[in-house]
Amino acid sequence: MYVCLCQGVTDGQIREAIYEGCCSYREVREATGVATQCGKCACVAKQVVRETLGDIQSAQASLAYPASFAIA
């Protein structure tokens, strides 16, 4: 889905920027150009960044403590 019509940035491009190393909204904005023109998409772009970073953090936490690991 297009998040930023002015720059033609999709939610997939935002996620890809995060997977490639961006760790904040500011870094995503610099890498993709999202919300750098009119700014109307900033709220949605920030939401995609938050959700994606949260998903990554959850995935990393589940790797650190797998469900099959039992404490005796």
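Predicted model: local features only at pLDDT ≥ 70, side-chain atom pairs only at ≥ 80, totals over all residues.
Local features need pLDDT of at least 70, side-chain atom pairs count only at pLDDT 80 or more, and totals for chains, interfaces and linings use all residues. Residues are numbered from 1 along each chain as its sequence is written, and side-chain values use heavy atoms, with hydrogens and water left out.

Let's start with α1, residues 11-19 (helices are DSSP runs of H or I, at least four residues, and strands are runs of E, at least two, numbered from the N terminus). Its buried residues are D11, I14, A17 and I18, where buried means under 20% relative accessible area, exposed over 50%, and partly exposed in between, with a 1.4 Å probe and protein chains only. They sit on the same side of α1, because they cover an arc of only 120 degrees around the axis, taken from the directions from the helix axis to the C-beta atoms. Covering these buried residues are, among others, β1 (2-4), β2 (9-10), α2 (25-32) and α3 (42-64). Just past the end of α1, G21 has a positive phi of about 130 degrees.

Zoom in on I14: leaving aside residues up to four places away in sequence, I14 touches V3, V9, V28, V34, A45, V48 and V49 (contact means heavy atoms within 4.5 Å). I14 also turns up, with V3, V28 and V34, among the residues with the most contacts inside the largest nonpolar core, which has 16 residues. Such a core is a set of buried Ala, Val, Leu, Ile, Met, Phe, Trp, Tyr and Cys residues joined through side-chain atoms within 4.5 Å. β1, α1, α2 and α3 each supply at least two residues of this core, and α3 gives the most, with four.

Over on α3 you'll also find K46, which is partly exposed at 36% relative accessible area.
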